[in-house]
Amino acid sequence: MPWLLQSLPPNLSFTHYYSRTRSRPSSPPAHNSTTTTQLVVVAASTKTINEDDYHSTLRALNSRGRFPRKSLGQHYMLNSSVNEQLVDVADVKEGEVVLEIGPGTGSLTSVLVNAGATVLGIEKDAHMAALVRERFASIDRVKVLQEDFTKCHIRSHLVSLLGCKKSLDGESQHAKVVSNIPFNISTDVVKLLLPMGDIFSEVVLLLQEETALRWVESTLRTSEYRPINIFINFYSDPEYNFKVPRSNFFPQPNVDAAVVTFRLKQAADYPQVSSIKSFFSMVNSAFNSKRKMLRSTLQHISTSPEIEVALRNVGLPSTSRPEELTLDDFVRLHNLITKV
Ligand SMILES: C[S@@+](CC[C@H](N)C(=O)[O-])C[C@H]1O[C@@H](n2cnc3c(N)ncnc32)[C@H](O)[C@@H]1O
């Protein structure tokens with residue numbers, strides 16, 4: 001099956017799949033319709049969506065009699081150049097092990113394979129797992145497991161895969177994660193993967209754009225500043241890479257997406273806290289009553305006067321609220337009040 005053909009006509013458009021059609025279209029819908037959504041790519045790349053990316057996605061779904069399922073966040077990537085950019089951002093090299101969460105029809109898997117990676121795909125949808133397994137049946141560098149990523153034992157899957165792949169100096173390799181994930185499992189994915197710096201060096205994800213901005217660019221004293229920001233910066237160095245407009249997906253979601261890279265820290269580089277568990281328990285308690293002062297919300301850890309003294313030692317007012325503290329401030333506060 002040819003997966004790449006000529007460019008799409010610039011005025012190609014198609015109906016909004018979930019809301020406007022219950023039949024499976026076999027060709028891109030009519031042009032210039034007032035009820036259609038423009039499909040041509042605008043911002044993520046200089047290339048337009050390839051017509052065959054659209055057709056091949058439909059053919060792959062039709063071959064299994066599948067509708068994209070909203071509950072599984074099935075918005076398939078239509079633009080192969082976005083997949084190429086994802087792989088470029090991750091700097092995937094020949095021989096590297098890459099985890100792909102939700103390979104779907106295998107469009108990103110194909111670019112990873114062409115870059116020389118060994119790919120472990122974890123796909124929850126049994127039909128899509130079978131489809132992608134069949135598509136790469138002749139390539140022994142692709143392994144597809146039909147599992148829910150949020151429930152699977154990813155560490156043991158990766159350890160066995162990496163165990164047989166040592167780098168030239170005999171050290172175990174680090175794997176990478178490159179995935180276009182369903183938006184509704186983004187938080188679970190990040191919470192599971194970021195503390196695994198012993199296994200993964202980089203996690204490159206296509207996220208909802210609003211989430212990407214909140215996680216990478218949120219600033220102190222804003223409503224977007226939350227414990228997840230402390231978590232992300234504790235375990236990684238995040239970077240916002242580029243925006244991917246919603247028109248690149250089939251069916252089109254109601255929001256735009258963006259690519260984010262999380263460079264995972266090694267345990268030795270984590271901020272020095274006496275106990276990671278008690279550190280995050282303190283951060284969560286602090287944000288549970290975000291508008292309240294820390295000297296009152298953290299009284300289960302230390303007395304109010306002791307917290308005030310600790311805050312002043314950190315260089316902050318004794319009346320501080322959680323949204324005023326950086327990761328470093330929280331670390332110092334934790335180490336002071338848990339020692340008292
Ligand atoms: C946004 S689609 C991306 C598909 C494909 N990677 C692409 O770029 O076109 C998300 C994929 O994740 C799968 N998926 C949804 N929830 C999952 C989960 N909990 N674990 C693993 N895969 C999941 C869906 O079935 C779907 O194939």
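1. Ground rules. The model is predicted, with local features needing pLDDT of at least 70 and side-chain atom pairs counting only at pLDDT 80 or more, while totals for chains, interfaces and linings use all residues. Residues are numbered from 1 along each chain as its sequence is written, and side-chain values use heavy atoms, leaving out hydrogens and water.

2. The sheet. Seven strands form an open sheet with mixed pairing, in the order β6-β5-β4-β7-β8-β11-β9. Strands here are DSSP runs (E, at least two residues), as helices are (H or I, at least four), numbered from the N terminus; two strands pair if DSSP finds at least two bridges between them. β6 (142-146) and β9 (236-244) are at the edges with a single partner strand each, so one side of each has no neighbour in the sheet.

3. Inside the sheet. β7 (residues 175-180) and β8 (residues 200-208) run parallel and are joined by six bridges. One to look up on your screen: Asn-180 has Leu-206 in β8 as its bridge partner.

4. Two helices meeting. In α7, Thr-187, Val-190 and Lys-191 meet Ile-228, Phe-231 and Ile-232 of α9, where contact means heavy atoms within 4.5 Å.

5. The pocket. β3 (76-77), β4 (97-101), α4 (107-114) and β5 (118-123) each give at least two residues to the lining of the largest pocket.
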